[in-house]
Amino acid sequence: MKKVLLIIPAYNEEDSILKVYKEIKKYNEENDMVLDCIVINDGSKDKTGEILDQNKIPHIDLVENLGIGGAVQTGYKYAYEKNYDIAIQFDGDGQHDLKYVKKLVEPIMNETSDFVIGSRFVEGISDFKTSFMRRVGIKIISFFIHMTCGFKLYDTTSGFRACNKEIINLFAKDYPREYPEPITTVEIVKRGFKVKEVGVNMKERMGGKSSIHTWKDFYYMVNVCLSILVIGLRRYQK
Amino acid sequence: MSKNLTFFVLFFAILLFLLILYLLKKNKISVRYSLVWFFSSILIFIISLIPNLMTHLANLFGFELLSNMILCMFIGILLLITLALTVMVTGLKRRTTLLIQEVSLLKKELEERK
């Protein structure tokens with residue numbers, strides 16, 4: 001049986017983190033696949049830390065706030081140390097749905113893919129509402145990714161992703177601190193790994209605020225496109 | 001270069017030199033990073049001591065005003081120094097990230113063994 005770990009970054013998620021953990025416990029009781037989880041508490045200023053301690057949720061408290069990239073990488077380092085076969089990134093705010101975990105893990109289990117991304121924009125499963133401008137932004141980022149590595153990625157900012165052991169080792173050693181989702185996808189494709197996008201539904205957020213704010217969206221897009229172009233210039237080996 | 005300007009630049013160079021010495025003595029900057037500032041202060045000192053050197057250079061490079069060339073020179077030097085600092089900050093950020101991650105992982109490991 002392959003060891004599967006959910007990496008859950010959490011920054012000020014006191015409203016949702018316990019609910020997410022209970023859902024994982026329920027999932028493990030109802031399914032034959034066991035999901036271990038590790039919450040990375042990214043220096044939360046609210047009661048997230050207390051909730052994690054009181055309910056004995058497996059977690060790592062970062063001694064300083066690192067931002068999403070540094071927090072998620074800590075999870076990959078943990079997965080690497082504890083010898084996990086598959087790691088799944090899962091949001092602590094409750095917008096990801098556990099019932100799609102199987103769909104993400106399956107292509108890795110039967111070794112048809114190395115990296116699987118849960119996407120709101122394929123297969124028409126999702127009823128997720130995004131603004132027109134945001135969709136345009138995602139299309140532009142998608143175009144840049146296609147241009148640099150030849151892979152057509154639809155949901156560029158999805159943080160619901162699963163990867164195999166080889167990629168865990170890679171991420172444990174090197175992971176971008178800024179804009180990690182689109183950037184790592186390009187890197188992974190350029191290194192010659194097999195990437196797959198599968199349709200998932202994402203729920204409205206239970207609490208907390210998204211790490212992407214509306215007024216920062218344009219700045220975010222420009223930065224991501226530039227970063228992708230820079231990676232386009234680099235050479236990678238598998 | 002006019003006499004007034006020469007004096008002004010000389011004064012500035014000496015001030016910079018003394019300031020760096022002071023910072024070094026107080027252990028506020030390391031010798032390694034102070035070198036570039038020492039060199040610049042000495043360079044400014046020498047330049048201001050050689051009469052007409054800068055005027056000739058300005059003519060050679062096509063600057064109509066000597067002060068323009070000096071300004072351009074300083075902006076260029078400052079740009080390079082800031083660029084070097086940005087590179088250093090990036091490196092430092094990578095290292096602090098690594099430290100925070102490793103310390104946090106170790107703390108977790110410790111708690112598990114308790």
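Predicted model: local features only at pLDDT ≥ 70, side-chain atom pairs only at ≥ 80, totals over all residues.
**Exercise 1. Work out which secondary structure elements chain B has, and whether its overall form is spread out or a compact globule.**

Let's start with the elements. Chain B contains 4 helices and 0 strands. Following the sequence, these elements give the pattern α-α-α-α. Next comes the radius of gyration: chain B has a value of 22 Å, while the globule rule gives 13 Å for 114 residues, so chain B is more spread out than a compact globule. To picture this, look at the C-alpha trace of chain B, which spans about 75 × 30 × 15 Å along its principal axes.

**Exercise 2. Find the domains of chain B and the distance between their centres.**

First, take the domain assignment: domain 1 of chain B covers 1-51, and domain 2 covers 64-114. Then compare the centres, taken over C-alpha atoms: 25 Å lie between those of domain 1 and domain 2 of chain B.

**Exercise 3. Determine how much of chain B is buried, and what share of its contacts join residues at least 24 apart.**

Begin with burial. Of the 114 residues in chain B, 10% are buried. Now turn to contacts within chain B between residues at least 6 apart in sequence: 50% of these join residues at least 24 apart.

**Exercise 4. Describe the contact between chain B and chain A.**

Count each side in turn. Chain B contributes 7 residues and chain A contributes 12 residues. Sorting the chain B side by class gives 3 nonpolar, 3 polar and 1 charged residues.

**Exercise 5. Decide whether Pro107(A) is buried, partly exposed or exposed, and describe its surroundings.**

Locate the residue first: Pro107(A) sits in helix H4 of chain A, residues 101-109. A buried residue needs 20 or more other C-beta atoms within 10 Å, and an exposed one has 12 or fewer. Pro107(A) has 19 C-beta neighbours inside 10 Å, so it is partly exposed. Leaving out residues up to four places away in sequence, Pro107(A) touches Thr112(A), Ser113(A), Val116(A) and Lys196(A). Finally, consider Asn164(A): this residue is 57 residues from Pro107(A) in sequence, and their C-alpha atoms are 10.0 Å apart.

**Exercise 6. Find the residues with the most contacts inside the largest nonpolar core, then list what Ile8(A) touches.**

The largest nonpolar core has 65 residues. Inside this core, Ile7(A), Ile8(A), Ala87(A) and Ile88(A) have the most contacts. Now follow Ile8(A): beyond four places away in sequence, Ile8(A) touches Val20(A), Cys37(A), Ile38(A), Val39(A), Ile40(A), Phe90(A) and Gly92(A).

Key: Residues numbered from 1 in each chain as written. Chains lettered and ligands numbered in written order. Domains from an automatic or database assignment. Contact = placed C-beta atoms within 7 Å. Nonpolar A, V, L, I, M, F, W, Y, C, P; charged D, E, K, R; others polar. Helix = DSSP H or I, 4+ residues; strand = E, 2+ residues; numbered from the N terminus. Rg over C-alpha atoms; globule rule 2.2 N^0.38 Å. Core = buried A, V, L, I, M, F, W, Y, C linked by C-beta atoms within 7 Å.
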